[in-house]
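I'd like to talk through some charged side chains today, so let me put the structure up.

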Amino acid sequence: MPLSPSFHLSAGLDGPGPLTAGHFTALARLAERGGLDFVTLDDSFSPGLDALAVFARIAPATSRIGLVPTVTTTHTEPFHTSIAVNTLDWVSEGRAGWLVDVSGTEAEAATVGRRPLLPAEELWREAADTVEVAARLWDSWEDDAEIRDRATGRFVDREKLHYVDFEGPYFSVKGPSITPRPPQGRPVVVVRLDHGDRGARLELAVRQADVVLLEAATPTGAATVRASLRELVSGHGRDPDQFRVLVRVGPEVRPADWLGAVDGLHLVARQLPDDLTRFVAATDRLGRPPVSGGTLRERLGLARPVSRYAVGAAR
């Protein structure tokens, strides 16, 4: 059975290899040639490269592939996180996403030194607040807030910039953003769910994520979890048809096996570039037609959100 354009494909670029721009750029270009919708790159406060900075370097060397770096919310200011992801959306011309994660080890807390490690549930509740603040900051500039009128010297219409005035248990943010609204309105929010996840991490996924990367052993099991997630999404007043569930798979996957069970596949490679090459070949044999759409949201069939602060917008 051929793959539909609505069956989405992505891959992680994590694994052994040189820490060079050329290495990651070559992998992203391979995924782009193979018709994948987006690639991810993990990050933490352990030694290694900054995933968001790597994708900012890759953005001008690619033209279609979505770029979704992991950004941990635990030891970073939410205002800075929102600006960094927004900047990636601008430099990639609307191809940015954000894989939300937390830093849950004593070593990471000690490396940064801001505060003692919080329990996992609190870390994910803080992450949910960060995602909410990022969305509000992205919305804080209405789409037509920029004037750029040389004659009058006005750069923005101040009436179309908005304070977000967020107050929570972990931080407060006044806003507005210092960067215009992203090309996608809001870059795509991605959350990874492992088997048996409950509590704050699951709540973040069903309330705020656009895409979930799911751990599942079988197509039947994945279909059951997907149905449950869609029901939870709907229960929070969201449209489940604007929510995507991709299952994390190894390079030996048979894509024909997962059709109808989930919205797509996310490759977790063990050896790069070999595993990615095999994944591209396996999906290419099924004749997936080219996917239209310049932004990552368009590729995933997700609507562009309206700023919550615009006149007449749903809050």
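Predicted model: local features only at pLDDT ≥ 70, side-chain atom pairs only at ≥ 80, totals over all residues.

Let's start with R192 and D42. Their side chains form a salt bridge, with N to O at 3.2 Å. Where do the two sit in the chain? R192 is in strand β9, residues 188–193, while D42 is in the loop between β2 (38–41) and α2 (51–58). That puts them 150 residues apart, so this pair links distant parts of the chain. And buried or exposed? R192 has a relative accessible area of 17%, and since buried means under 20%, it counts as buried. D42, on the other hand, is partly exposed at 34%.

Now over to helix α6, residues 199–208. R207 and E203 are 4 residues apart in that helix, which means about one helical turn separates them. Their side chains meet in a salt bridge at 2.6 Å, N to O. As for accessibility, R207 comes out at 47%, partly exposed, and E203 is partly exposed too, at 32%.

Which residues are in it?

One more pair before I stop: K174 and D165 have a salt bridge between their side chains, 3.7 Å from N to O. D165 is partly exposed there, with a relative accessible area of 45%.

Key:
Residues numbered from 1 in each chain as written. Heavy atoms only, no water. Salt bridge = Lys/Arg side-chain N within 4 Å of Asp/Glu carboxyl O. Helix = DSSP H or I, 4+ residues; strand = E, 2+ residues; numbered from the N terminus. Buried < 20%, exposed > 50% of the residue type's maximum accessible area, 1.4 Å probe, protein only.
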